[in-house]
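Open the structure in your viewer and keep the selection panel at hand. We will take one chain as a whole and then walk over to its neighbour.

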Amino acid sequence: MAQSATKRRAIAKISGLGFSAFSRKWEATAPALAADAAIAAVADAGLAKADIDGLFVNRSSAAPPDLLTLRLQDDLGMGELRLLNLFASEAVSALQMLHYASLAVAAGTVDHVLCVFADTPIMPAQSGGEAYSDTLGLMRIPGWEDRHGLFGAVGSYGLAMQRYIDRTGATPEQFGAVAVATREWAIRNPLAMLKTPMTIDDYLASRLIAAPIRMFDCAFPINGGAAIVVSAADSDAGGDTGSAYVRGLGQGHCPYSPFGGHDNETETMGRLAAREAYRMAGIGPADIAHAQIYDAFTYTTLRGLEDYGFCGRGEAAAFAAEGHIAPGGRLPTNTGGGQLSGYYLQGMTQLSEAVLQVTGRAEGRQQRNNDWVLVTNQGGRMDYHAAAILSEHAE
Amino acid sequence: MSADRAMADPSLAAAFEDALDAGTLLLRRCTACGLMLPPDRALCPSCWSKALEWREAKGTGTVYSAVEFHRAFGDIPIPYIVVQVELDEGPRVIGWAEGKLAGGTRVRARLADYRDTKRLLFEPLNFERG
């Protein structure tokens, strides 16, 4: 395949991917789920425990600090690690782990970095919704949001979605098109948790939580873990199942600014993460075959479609309603059902689906073209952004 | 999710709450560059000056966004409305509204008793209490 001089060869590759079991009830601790995913990922890479010399652990920022710790190293019996870190940078941590692991293997610091996420938002006495009912403190006055009733991620994201609606004229039916398209993808994914067919009418009939946010605008929290192994691009790792080459990486961050001047609801620093990732890969949005866009809410899918250059400002809602992100559309998006209907493992949802696609293991939803695949992560309240561009080609 | 957003200096929160109890909405102002800041700030994020002072907010602003809760997370009866208002001084604040307020509506803040504290109640600027 001819490549122009501006296209840069892979900096690293994802040589292994592993999952724990997924569940909607409390069955195992986060460290146990993390270990299951880690062991599966190392096996998938065709490696042995002794080959792993770096370990990155990602704990959910919404979880208690002791839920998942560096003790995972002890659990896994990894005696001589040359690189170790705990990530709790909100939900961009998955792609941050990939970013820093890629730099480390490219520099020769380590050979194989195991990157692990696990979370148990559903506890014996806590539902998935309750896990995300804590306030996102927009005011930073203790108790302020509780006093005014602004609860949960749905509260602060509801404000963002309403602002977007006011600025763009996006309609409930257009947000519904995102939910319906994502469900259509989930139906094709054996790993997906929600596979009951959904119509626009089903979406419109779903319960209002924090209007404009309905139940079907929200991600589906589960207990589970996912892990990847990042190896040098020219390493033999990858085994029989193949590798996903890392061609582009980018981050962009701008914390929630409560004193104006920055309209985070209609343009985020995803724009900066996009620019950096496209520049590194030497491509643009038109080259992307399919996109895995962070979709904790239907609104964030639309936000990503605009920030990553697939639509103009305010045009993503119509783009989704025209069917472009659904099966058969021109930009297949969240092909595993995303976080809305697939499985919510924060940034690992999008990254794991991209790896399954690029390595040809996406079964009934397999995309033929895996030349350039975009993965995005978003954390906080659209504050933190990270992107990766993966490919089945090293160059 | 929210733990790392706790206010850095509890004395600022206390001063803010004391003023609120006395009927005044306070903001911070950077004496070095003049930027108006939310009440939690001890450092000007623009010029890095620590020379900040309290300023009373006029209480007028424009609705930036709003959300209507239909699911109860706490013990506040549903449905209810929470608004995000950009004050005329610049900072955006979270407040309460007793009716729907569309984005762009000009509003004035009133400090309303709420349990053992006060909260910000935003009303349309042309609203006359009967």
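Start by selecting chain A and switching to a cartoon: you will find 13 helices and eleven strands. Helices (H or I, at least four residues) and strands (E, at least two) are DSSP runs, numbered from the N terminus. Residues are numbered from 1 along each chain as its sequence is written, while chains are lettered from A and ligands numbered from 1 in the order in which they are written. This is a predicted model, in which local features need pLDDT of at least 70 and side-chain atom pairs count only at pLDDT 80 or more, whereas totals for chains, interfaces and linings use all residues.

Stay with chain A and show its C-alpha atoms, which fill a box of roughly 50 × 50 × 40 Å along the principal axes. Of its 395 residues, 61% are buried (20 or more other C-beta atoms within 10 Å of the residue's own, with C-beta atoms placed from the backbone).

Finally, select strand 5 of chain A together with strand 4 (residues 60-69) of chain B: they pair in the antiparallel sense over two bridges (pairing requires at least two DSSP bridges between the strands). Zoom in on A:Ala211, whose bridge partner in strand 4 of chain B is B:Glu68.

Definitions and conventions
A residue is buried if 20 or more other C-beta atoms lie within 10 Å of its own, exposed if 12 or fewer, and partly exposed in between; C-beta atoms are placed from the backbone.
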